[in-house]
Amino acid sequence: MDQEHRPQEHRPAGDGNIPANWTRAIVDPAAFVEEQRRLAYVWTFLGMTSDVEKDGDWFRASIATRSVFVQRFGTELRGFENLCVHRFYPLRTAERGNGPMICGFHHWQYDREGRAVGIPHCRELFNAQPHELGARLTPVELATCGRMIFGRFAHPAVTESLEDFLDMGFPILAAGSQVRGRPQRLTIPIEANWRLGAHISLDDYHTVAVHPRTFGREGYPQRDKISYYRFGLHSAYVYTAKADALERIAEACRNGTYSPSRYTILQFAPNMLMAFFRTDFDFWQCVVLLYDPVRHDRTLLRAWFYPAPFPTRHSWARTLTDPVRSLVVRHYVGAVLREDNLVCKGLQQAAHQVGRPPLLGGLEERIGWFEESYRRLMEAGERTDTDAR
């Protein structure tokens, strides 16, 4: 087994090689803008294909704080930055919809290639025909993994495929995203930086204090009964001591034989995760979380959740029981996330006082891994951003 994919032995408390100024982009608006500019070239989860099933369907999303939208044209998906090239008004002002790309400010219209093809009084006002202006929307590079859509802003130096970027997680996301119909959704504002949200999702030490009525009722996790894995820039938690559990899950997902039996979370850089958890009997749910940056001190936590699309012993009963179960899961997921978000808010309020790395114990080591991946993305983004300017 490849060394990188082995479960990592937990280490004693330490800083995880996190630099002393790790909160810079958390407290400094200018540093946050610089950070997000570099992350614009990283594959970022945008949404599900279930939101763009019909010709003309579109939904709005964001990449590194830049508003974008994804739209279906026949059998093809296209993505564009959500800015009219004329006077920079957003083409899409709702979360989702269906229809041609027409700007609501001056009625400029664009085709599937993003070219301005309909400009009112173009000859009189611009002394040219629309095609002569060469006006074109900024494209977004798209790729899919199962029913999940990812995007990034293109750059000649950025060539890594989505499958290579997701590494061992690709077949698991592909299998885990095969939801029927549209997932339930929640959007919860967090008065904190997106990285603080990512940190708490990687922290198995806080459950007793923060979630006393849910996760915390069972006490602290026993570190020798869970496994942490690193793959590429990403990490995973599996409630098992088996060294090859993640590889087995990936292989089963690849050949269509996976049936969940262990609580599993996969975190993907920069800002999303997918988790499988059991609700009752042999029924399993899937939740996808996206920490969508807004400002240095504000994040939109977007959640998609749905019955895990894997066969179980009681699959025949799901049609009858899933509607009730979905209501329970929505309440449970929302309650847990709001408890986490209160902690993130407190961390944000104190971040300006921080001048050293955190002390990370054996149930927090994935935070150190995340920060290492974050620095690698910042270094790669700095090179790409310099070339782009």
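Select Phe126, which counts as partly exposed at 33% relative accessibility. The scale used here calls a residue buried under 20% relative accessible area, exposed over 50%, and partly exposed in between, with a 1.4 Å probe and protein chains only. Before moving on, note that this is a predicted model, where local features need pLDDT of at least 70, side-chain atom pairs count only at pLDDT 80 or more, and totals for chains, interfaces and linings use all residues. Residues are numbered from 1 along each chain as its sequence is written, and side-chain values use heavy atoms, with hydrogens and water left out.

Phe126 sits in helix α3, residues 122–126. Helices (H or I, at least four residues) and strands (E, at least two) are DSSP runs, numbered from the N terminus.

Jump to residues 194–201. How many of the eight residues of helix α7 are buried? Eight of the eight, so the helix is largely enclosed by the rest of the structure. Among them are Trp194, Arg195 and His199.

Step back to Asn193, which caps the N-terminal end of α7: one of its side-chain oxygens lies 2.8 Å from the backbone nitrogen of Arg195.

Next, pick Thr299 in strand β17 (residues 298–307). Thr299 is buried, at 0% relative accessible area. Show its polar contacts (pairs of N or O atoms within 3.5 Å; within protein, one must be able to donate a hydrogen and the other to accept it, and residues adjacent in sequence count only if both atoms are side-chain atoms). The Thr299 side chain reaches the backbone oxygen of Ala192 at 2.7 Å and the backbone nitrogen of Trp194 at 2.9 Å. Leaving aside neighbours within four places in sequence, Thr299 is in contact (heavy atoms within 4.5 Å) with residues including Asn193, Ile188 and Tyr291.

## Stop three: cysteines and Phe88

Search the whole structure for disulfides (pairs of cysteine sulfur atoms within 2.5 Å) and you get zero. Cys103 is in none; its nearest cysteine sulfur, that of Cys84, is 3.9 Å away. Cys103 is buried, with 2% relative accessible area, and Cys344 counts as buried at 0%.

From Cys103, go to Phe88: the two are 15 residues apart in sequence and 9.5 Å apart in space, C-alpha to C-alpha. Phe88 is in the loop between β4 (76–81) and β5 (96–98). Buried or exposed, which is Phe88? It is exposed, with a relative accessible area of 56%.

Most residues other than glycine have a negative phi, and most peptide bonds are trans. Try these exceptions:

- Thr65 has a positive phi of about 75 degrees; it lies in the loop between β2 (57–63) and β3 (66–73) and is partly exposed at 36%.
- His107 has a phi near 65 degrees, sits in the loop between β6 (101–102) and β7 (109–110), and is exposed at 52%.
- Ala269 and Pro270 are joined by a cis peptide bond, omega about 5 degrees; Pro270 is in the loop between β14 (264–268) and β15 (272–280).
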